Amino acid sequence: MTKKKKRIVSLDIYKRTCDAMTEDIKHATDPDGMELSRHQIADRMTKIMGGEITKAMIDNWSGKRHPGHHFPIIYLPAFVQATGQRRLFRLIMEKCVPTLALIREVSQITQRMSALKGKKEMLEKTIEAINE
C-alpha cells in the first residue's frame, strides 16, 4: 500500500507580500483618482493609525532588499484605506483561507473557457462560410 504524499504549500509569502505592496503603492489613488506618492500614503496611514508612518518604513516593508523589515499586519487596514488598493489584503486572505484562492482559480478558468467557447463558435462559423 502506498501512502499519498501530502502537497506542501509554502506559507512563506515575503516576496509576494513585497510584490503586492509595490503594486498597491504603484496604483494608489485618492478619491478623485489622483496618484499618490509614498510620502502621501505614509501621511494617510499616520492619520489613520494615530502613530507616525514614514516613507522610509513603507520603502523597507515593500523592498525585497530589506528582508528583516516585515510589514506589520496591524497596519494592513490603514494601508488598504490609504492606498485604496486590495492586492496585499487578497494575498493574505488567500493564504489564510485557501478556498478563496481556489474560488478565484475556478473563476479564471470559467472566464477562459467562455472566451474559448466564443472563439470556437467564431471559427465554426468561418468554416461553414468557407464550405458554402
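Modeller: The mean positions of the 24 positive and 16 negative charges of the protein lie 9 Å apart. Lys and Arg count as positive and Asp and Glu as negative, while His and the chain ends are not counted. The place of a charge is NZ of Lys, CZ of Arg, CG of Asp or CD of Glu.

Biologist: On what basis are such values given?

Modeller: This is a predicted model, in which local features need pLDDT of at least 70 and side-chain atom pairs count only at pLDDT 80 or more, whereas totals for chains, interfaces and linings use all residues. Residues are numbered from 1 along each chain as its sequence is written, and side-chain values use heavy atoms, with hydrogens and water left out.

Biologist: How many helices and strands does the protein have?

Modeller: Helices (H or I, at least four residues) and strands (E, at least two) are DSSP runs, numbered from the N terminus. The protein has 6 helices and 0 strands, and its pattern along the sequence is α-α-α-α-α-α. Its radius of gyration is 22 Å, well over the 14 Å that the globule rule gives for 132 residues, so the protein is more spread out than a compact globule. That radius is taken over C-alpha atoms, and the rule is 2.2 Å times the number of residues to the power 0.38. Along the principal axes, the C-alpha trace spans about 70 × 60 × 25 Å.

Biologist: What percentage of the residues is buried?

Modeller: Buried means under 20% relative accessible area, exposed over 50%, and partly exposed in between (1.4 Å probe, protein chains only). By that reading, buried residues make up 25% of the 132 residues.

Biologist: Which residues have the most contacts inside the largest nonpolar core?

Modeller: A nonpolar core is a set of buried Ala, Val, Leu, Ile, Met, Phe, Trp, Tyr and Cys residues joined through side-chain atoms within 4.5 Å. The largest one has 22 residues, and those with the most contacts inside it are I41, M45, I58, W61, F71 and L88. At least two residues of this core come from each of α1, α2, α3 (55-62), α4 and α5. Helix α4 supplies the largest share, 5 residues.

Biologist: Which residues does L88 touch?

Modeller: Contact means heavy atoms within 4.5 Å. Setting aside residues up to four places away in sequence, L88 touches T17, A20, M21, D24, F71, L76 and F79.

Biologist: Where does H69 lie, and is it buried or partly exposed?

Modeller: H69 lies in the loop between α3 and α4 and is partly exposed, at 38% relative accessibility. Apart from neighbours within four places in sequence, H69 is in contact with Y14, N60 and W61. P72 also belongs to the loop between α3 and α4, and its relative accessible area of 26% makes P72 partly exposed. From C-alpha to C-alpha, P72 and W61 are 8.5 Å apart in space and 11 residues apart in sequence.

Biologist: In which helix is C96 found, and is C96 buried or exposed?

Modeller: C96 is found in helix α5 and is exposed, with a relative accessible area of 57%.
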